[in-house]
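Here is a colleague's note to read with the structure open beside you. Take the points one at a time, and find each residue as you go.

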Amino acid sequence: MGLLKIPFFRLGEWKHPKYGTIKGTPSKLKQFADNFKGNVLGRPPFIRIGHDKSAATTFGDAEAKAWIKDIVQEGNVLYALCEPCDENVENLIKSKKYRFASAEYDDNYHEKTTGKNVGTVLSAIALTNEPFLTHLPENVVLSDINNNEFYLDFEEREENKMDEFLKKLSEFFTAMTTKMKLSDEPHTEPNKEGEPPKNEDVNAKFLAEFETMKQKLADIEKTNTNLLSDNEVIKKNNEEKEVEMKLSELKIKGIPPVLCDKAKEILLAMPTSNTIKLADNTEKKLSDMVYEMLSSLPEASRVKYDQFGSQHSQKSGEEDDYKKLADEDIKALGGKITEDGKYIL
């Protein structure tokens, strides 16, 4: 049986009649993955068919159709990579009898041994055709798309290459030590001319092997460096897409595009892990503070839309009004306006 790729959460926001607003934030997606990798639940989450009914008389009797082996993020979607334990589950997905999935999780999970609130923890995923979260990709069997290697994250691939490098390095020093010991012993094996080999011959052979091993190590190190560079490019592209998506959502909510564009320059320039300690001793990411600052822009200063998601045509006078509002916003933020109308923050 092949691994299953189950999309169960994504970036976005939904209004639930029972649970209120469900938010898929970058922080929440990270908690899903980190708490899974840290085995906070104390057992692997599993795949089931459908959710429990609220009036169910029993608990804990749901069969596992597959066990979750890893959680990875691709773009704005979070996927579970699962190992089936029921051969029929592949057919259910391949035949599209169960095309989607729905997560079972706790946003404020308290670790059972310490009682500490660790945030969002996944407990199970239900295969369903009626997920509450919209616009999720469909479930697939990885063997059908023949792309397993893609789902190894860059840290794991980096670790594998580094392990190989260290192994070769250890082998080299072991070989070098052995050769040095042998070079100190008398040599009785004759060479092609029937004479005992000279120390110079032994040293020359050793040096040749040394150069060969050094070249191999250099090749491995170069491969490892290129891999790290490629991973950094992929990581940077993903970060840029995430920033663009968040700013697009803010533009739809009426935040002036000029402010969003300036914020994008700042967000892409700052390290994603940078945090700042607040007065209440809590820490917050600088990027989150930028988004919150934009979101706090008063309604009076926002771009008006006729309908959510579609901008009305603007008349000349309205454009002047928006320009004035944008100028006031820039000044309020401590920025400057050049003579040619450009903004500097």
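**Notes on the sheet, a helix pair and a pocket**

1. Start with one pair of residues. Ile47 has Ala66 in S5 as its bridge partner. Keep in mind that this is a predicted model. Next, look at Phe46. Opposite Phe46 stands Trp67 in S5.

2. S4 also pairs with strand S8, residues 121-128. Is this pairing parallel or antiparallel? S4 and S8 pair in the parallel sense, over 4 bridges. One place to check is Arg48, whose bridge partner in S8 is Ala126. Strands of a sheet pair through backbone hydrogen bonds, and they can do so in a parallel or an antiparallel way.

3. Now follow S5 onward. S5 pairs with S6 in the antiparallel sense, over 8 bridges. The two strands form a hairpin, with 2 residues between them. Gly75 sits in that turn and has a positive phi of about 65 degrees. Glu74 stands opposite Val77 in S6.

4. S6, residues 77-84, has another antiparallel partner in strand S1, residues 4-10. How many bridges join S1 to S6? There are 6 bridges. Among the pairs, Leu4 has Cys82 in S6 as its bridge partner.

5. Move to a helix pair. Two packed helices are described by the angle between their axes and the distance between the axes. Helix H6 spans residues 257-269, and helix H7 spans residues 286-295. They pack at an angle of about 175 degrees, with axes 11 Å apart. Angles over 145 degrees count as roughly antiparallel, so H6 and H7 are roughly antiparallel to each other.

6. Which residues make this helix contact? From H6 come Leu259, Ala263 and Leu267. From H7 come Ser287, Val290, Tyr291 and Leu294. By class, the contact has 6 nonpolar residues, 1 polar residue and no charged residues.

7. Finally, look for empty space. Rolling a probe the size of a water molecule over the atoms shows where such space is left. The second largest pocket has a volume of about 1400 Å³. Its lining holds 41 residues. Nearest its centre lie Tyr19, His51, Ala103, Glu104 and Tyr105.

8. Which strand gives the most to this pocket's lining? S7 does, with 6 residues. Strands S3 (20-24), S4, S7 (100-106) and S8 each supply at least two residues of the lining. The lining of the second largest pocket divides into 18 nonpolar, 10 polar and 13 charged residues.

Methods: Residues are numbered from 1 along each chain as its sequence is written. This is a predicted model: local features need pLDDT of at least 70, side-chain atom pairs count only at pLDDT 80 or more; totals for chains, interfaces and linings use all residues. Side-chain values use heavy atoms; hydrogens and water are left out. Axes are lines fitted to C-alpha atoms, for helices over the stretch in contact, and angles run from 0 to 180 degrees between N-to-C directions. Angles under 35 degrees count as roughly parallel, over 145 as roughly antiparallel, 65 to 115 as roughly perpendicular and the rest as oblique. Contact means heavy atoms within 4.5 Å. Ala, Val, Leu, Ile, Met, Phe, Trp, Tyr, Cys and Pro count as nonpolar, Asp, Glu, Lys and Arg as charged, and the others, Gly among them, as polar. Two strands pair if DSSP finds at least two bridges between them. On a 1 Å grid over the protein atoms alone, a cavity is a set of points where a 1.4 Å probe fits but cannot get out, and a pocket is an open set with protein on both sides within 12 Å along at least five of seven lines; lining residues have an atom within 4 Å of a point. Grid points are joined across faces, edges and corners, and a volume is the space filled by probe spheres set on the points.
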